[in-house]
Amino acid sequence: MKWLPILAILTVVAACSTMVGLGVWQLRRADWKEGLLSEYRTAATKPAMAFPAVPYPNDLPLFRKASGFCLKVIAWTSVSGRNLRGTSGWSHHAQCSTGAEGPGMLVDAGWSRTPANPVWNGGSVSGLIAPDTKAILRLISDTPLAPGLVATAPPSPEDIPNNHFGYAVQWFLFAGIAALIFALALRRSKT
């Protein structure tokens, strides 16, 4: 009778244990993510706040109403975006100076069909705090800030996926399949 080397057994046990551990970790992440999404859903019901001068990455006030003041537009960028009707086009982001303190403020001034920079020199802005990949946060104005713009569609917590339960199931299946293949290989080696 042949028997598999101890190294192969230890490798399969370690791999299956790791996959089960990753599945359990994903289940915990699913609970954490649901709590975070719940917090985001209730953020809109909280009172409006001042746009944070320095955002803290571990405590971002996402999806909350806020206001700020753009002293001067430093630069414009146009990124793909949608208006409130769901039409694709360009969202116009103004990098604003807010004074001597902090990194300033990124304002989504509105949406248009073209990427041309709008004419807006700054002023009061109120809207929704949204995540941004470069500036961490941006303030999406409730109303268009320049002629020719319409309101940009704000993001919603419902747009953020919580796939962690599915990932956990995948890891558990991978562990089960690995154990099954190992059991079949072990059975075949006995014959």
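1. Ala, Val, Leu, Ile, Met, Phe, Trp, Tyr, Cys and Pro count here as nonpolar, Asp, Glu, Lys and Arg as charged, and the others, Gly among them, as polar. The model is predicted: local features need pLDDT of at least 70, side-chain atom pairs count only at pLDDT 80 or more, and totals for chains, interfaces and linings use all residues. Residues are numbered from 1 along each chain as its sequence is written, and side-chain values use heavy atoms, with hydrogens and water left out.

2. Seven strands form an open sheet with mixed pairing, in the order 1-2-6-7-5-4-3. Strands (E, at least two residues) and helices (H or I, at least four) are DSSP runs numbered from the N terminus; two strands pair if DSSP finds at least two bridges between them. Strand 1 (49–50) and strand 3 are the edge strands, each pairing on one side only.

3. Strand pairs. Strand 3 and strand 4 run antiparallel and are joined by 10 bridges; V73 has C96 in strand 4 as its bridge partner. These two strands form a hairpin with five residues between them, and G86 in the turn has a positive phi of about 90°. Strand 6 and strand 7 also pair in the antiparallel sense, over six bridges, with D132 opposite I136 in strand 7.

4. Largest pocket. Its volume is about 240 Å³. Of its 13 lining residues, T77, H93, L106, D132 and K134 are the closest to its centre. A pocket is found on a 1 Å grid over the protein atoms alone, as an open set of points where a 1.4 Å probe fits, with protein on both sides within 12 Å along at least five of seven lines; lining residues have an atom within 4 Å of a point. Grid points are joined across faces, edges and corners, and a volume is the space filled by probe spheres set on the points. Strand 3 (72–82), strand 4 (88–97) and strand 6 (123–132) each supply at least two lining residues, and strand 3 gives the most, with four. The lining divides into six nonpolar, four polar and three charged residues.

5. Second largest pocket. The volume is about 150 Å³, and of the 13 lining residues V79, S80, G81, S91 and R138 are the closest to the centre. Strand 3, strand 4 and strand 7 (136–141) each supply at least two residues; strand 3 again gives the most, with four. This lining holds five nonpolar, five polar and three charged residues.

6. Helix pair. The axes of helix 1 (residues 6–43) and helix 2 (residues 164–190) come within 7 Å and cross at roughly 165°. The two helices are therefore roughly antiparallel (over 145 degrees). Axes are lines fitted to C-alpha atoms, for helices over the stretch in contact, and angles run from 0 to 180 degrees between N-to-C directions. The crossing of helix 1 and helix 2 is left-handed (the near helix is turned anticlockwise from the far one by less than a right angle). Residues of the contact between helix 1 and helix 2 divide into 20 nonpolar, three polar and two charged.

How values were computed: Angles under 35 degrees count as roughly parallel, over 145 as roughly antiparallel, 65 to 115 as roughly perpendicular and the rest as oblique.
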